[in-house]
Amino acid sequence: MKISTQGQIWLYSTLAILFLSGIVWAYAHYYMPPLSAFEPGVSPLEPYSMKIHGAAAMVFLVVFGALVPLHMRRAWKAKRNLTTGIFIVMACLVLIISGYGLYYWGEPDSRINISLIHLGFGILFPVFLLAHALIGRRISSKIKNSCAAPHGPKGSVPSEPL
Ligand code: HEM
Ligand code: HEM
């Protein structure tokens, strides 16, 4: 259930690219003036950042898929860190489904709402992930320590080593 170092590098770097490209797009879209005062236009940062974002989103789907059997299924069976685990899966699904919505649910009004939901969850995602990882590690090290104790806590069932 512990994610391998290589797996963590893939996960964190893909998420960092998604996060930064999303923030650059939002900054360019909401705060940068149009290219010309006479012609409506968008900053070139917008299409560039979305090209990077779209590519990273595809890599993220592969990394997320790999986490299902290697991390989520095993932690689920061991009933470890379930509350924040379910929460982080829901947050991922909101980002993935709203990302799909940005491509295909084309009505302008609903697109703006989907865009704001996606951006809001995206900005908060690093906080959710950090909380999940820290709480998960604390739970695992508590279990390890109690298994290492000579008699273990009263009535405890030794858990699967990580
Ligand atoms: C059913 C859902 C999930 C459960 C029950 C779960 C459970 C856990 C547990 C028990 C740990 C502590 C592992 C240890 O250090 O021994 C952990 C850590 C972690 N989890 Fe999850 N997790 C779930 C989903 C996810 C998802 C969807 C992601 C990423 C998108 C994720 C990312 C991480 C990361 C980055 C760590 C810290 C690295 C590590 O200790 O391996 N988890 N999780
Ligand atoms: C990690 C934090 C993330 C942030 C801050 C973020 C932010 C953004 C922003 C600001 C947009 C542009 C919205 C618009 O066009 O109105 C966007 C588009 C998009 N995002 Fe994310 N996002 C994140 C994660 C994800 C994830 C995990 C996925 C899916 C795996 C994803 C998939 C997409 C897709 C498919 C688009 C549409 C691309 C396009 O229109 O060319 N994003 N994201």
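Predicted model: local features only at pLDDT ≥ 70, side-chain atom pairs only at ≥ 80, totals over all residues.
1. Helix 1 against helix 4. These two helices pack with axes 10 Å apart and at an angle of about 135°. Helix 1 is therefore oblique to helix 4. Angles under 35 degrees count as roughly parallel, over 145 as roughly antiparallel, 65 to 115 as roughly perpendicular, and the rest as oblique. Axes are lines fitted to C-alpha atoms, for helices over the stretch in contact, and angles run from 0 to 180 degrees between N-to-C directions. Helices (H or I, at least four residues) and strands (E, at least two) are DSSP runs, numbered from the N terminus.

2. Handedness and residues of that pair. Helix 1 and helix 4 cross in a left-handed way; that is, the near helix is turned anticlockwise from the far one by less than a right angle, whereas clockwise would be right-handed. Phe19, Gly22 and Ala26 of helix 1 meet Leu119, Gly122 and Pro126 of helix 4. Two residues are in contact if their C-beta atoms, placed from the backbone, lie within 7 Å. By class, this contact has four nonpolar, two polar and no charged residues. Ala, Val, Leu, Ile, Met, Phe, Trp, Tyr, Cys and Pro count as nonpolar; Asp, Glu, Lys and Arg as charged; the others, Gly among them, as polar.

3. Residues are numbered from 1 along each chain as its sequence is written, while chains are lettered from A and ligands numbered from 1 in the order in which they are written.

4. Overall build. The protein has four helices and zero strands. The pattern along the sequence is α-α-α-α. Of its 162 residues, 9% count as buried. Buried requires 20 or more other C-beta atoms within 10 Å of the residue's own; 12 or fewer is exposed, and in between is partly exposed, with C-beta atoms placed from the backbone. Among contacts with a separation of 6 or more, 63% join residues 24 or more positions apart.

5. Helix 1 against helix 2. Their axes come within 8 Å and cross at roughly 150°. Helix 1 is therefore roughly antiparallel to helix 2. This crossing is left-handed. Residues from helix 1 in the contact include Trp10, Leu18, Gly22 and Trp25, and those from helix 2 include Glu46, His53, Ala57 and Phe60. By class, the contact has 16 nonpolar, seven polar and one charged residues.

6. Ligand 1. The shell has 25 residues, of which Ala75, Gly85, Ala133, Gly136 and Ser140 come nearest. Near means a C-beta atom, placed from the backbone, within 6 Å of the molecule or strand. Helix 1 (5-31), helix 2 (45-77), helix 3 (82-104) and helix 4 (108-148) each give two or more residues. The shell divides into 15 nonpolar, seven polar and three charged.

7. Ligand 2. Gly22, Ala57, Gly99, Ser115 and Gly122 come nearest among 24 residues. Helix 1, helix 2, helix 3 and helix 4 each give two or more residues. The largest share, seven residues, comes from helix 1. The classes are 17 nonpolar, seven polar and no charged.

8. Thr84. This residue lies in helix 3. Is Thr84 buried, exposed or partly exposed? Thr84 is partly exposed, because 17 other C-beta atoms lie within 10 Å. Beyond its neighbours within four places in sequence, Thr84 contacts Ala131, His132, Ile135 and Gly136. Thr84 and Ala131 are 47 residues apart in sequence, yet 7.8 Å apart in space, C-alpha to C-alpha.
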